[in-house]
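Take a walk through this protein model, one feature at a time. Keep the sequence and the 3D view side by side as you read.

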Amino acid sequence: MIKTYIENANFEDTGFSYTLSLISGKHKMVILYCLMEFEVVRFNELKRYLKNITDKTLSNNLKELESDKLIIRKEYPQIPPKVEYRLSDKGKSLVEVLDQLCVWGENNKE
């Protein structure tokens, strides 16, 4: 019975696969965690928080997170430009998941 289920199952149709597609990558979960901790963060603050990340990589990750509706980008019409990022309601719904990942890591790190 389980063999038939596995043969007919499609991992890409699962909620787990969808969640991974949104938060996978080296920096996305760290960006979300930073926004969870500090609420509203500017680009250069994120860059300092992440340490070794290029502007292009950070920009691409932020665009993907915004496209997936996990973060909100607010641009202020001023010079020099000011852009802030914060979690959307959809992004805030991931807070409990990210928090549990942190708890698990603290409990299991050597």
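**Rings, sheet, cysteines and surface**

The structure holds one aromatic pair. Its members are Phe-38 and Tyr-49, with ring centres 5.9 Å apart. The ring planes stand at 80 degrees, so the pair is edge-to-face. Tyr-49 is partly exposed, at 32% relative accessibility. Bear in mind that this is a predicted model.

Next, the sheet. Three strands make an open sheet, in the order E1-E3-E2, and their pairing is antiparallel. The edge strands are E1 (41–42) and E2 (71–76), and each of them pairs on one side only. Strands of a sheet pair through backbone hydrogen bonds.

Arg-42 stands opposite Glu-84 of E3.

Arg-73 has Tyr-85 in E3 as its bridge partner. Glu-75 stands opposite Val-83, also in E3. How many residues lie between E2 and E3 in their hairpin? There are five residues between the two strands.

What does the disulfide count come to? It comes to zero. A disulfide is a covalent bond between the sulfur atoms of two cysteines. The cut-off used here puts the two sulfur atoms within 2.5 Å. The sulfur of Cys-34 has its closest cysteine sulfur in Cys-102, 12 Å away, and that is too far for a bond. Is Cys-34 buried or exposed? Cys-34 counts as buried, because its relative accessibility is 2%. Cys-102 is partly exposed, with a relative accessible area of 28%.

Which residues make the nonpolar patch? Met-29, Val-97 and Leu-101 do, and the patch covers about 240 Å². Leu-101 lies in helix H7, which spans residues 95–108. Its relative accessible area is 47%, so Leu-101 is partly exposed. Patch members need over 30% relative accessible area, and Leu-101 has 47%.

Note on methods
Residues are numbered from 1 along each chain as its sequence is written. This is a predicted model: local features need pLDDT of at least 70, side-chain atom pairs count only at pLDDT 80 or more; totals for chains, interfaces and linings use all residues. Side-chain values use heavy atoms; hydrogens and water are left out. Patches are made of residues with over 30% relative accessible area and no salt bridge: like charges are joined within 9 Å, nonpolar side chains (Val, Leu, Ile, Met, Phe, Trp, Tyr) within 5 Å. Accessible areas come from the Shrake-Rupley method with a 1.4 Å probe; for residues, only the protein chains shown count as cover. A salt bridge is a side-chain nitrogen of Lys or Arg within 4 Å of a carboxyl oxygen of Asp or Glu. Helices (H or I, at least four residues) and strands (E, at least two) are DSSP runs, numbered from the N terminus. Buried means under 20% relative accessible area, exposed over 50%, partly exposed in between (1.4 Å probe, protein chains only). Two strands pair if DSSP finds at least two bridges between them. Rings of Phe, Tyr and Trp (its six-membered ring) pair if their centres lie within 6.5 Å; planes under 30 degrees apart count as stacked, over 60 as edge-to-face and the rest as tilted.
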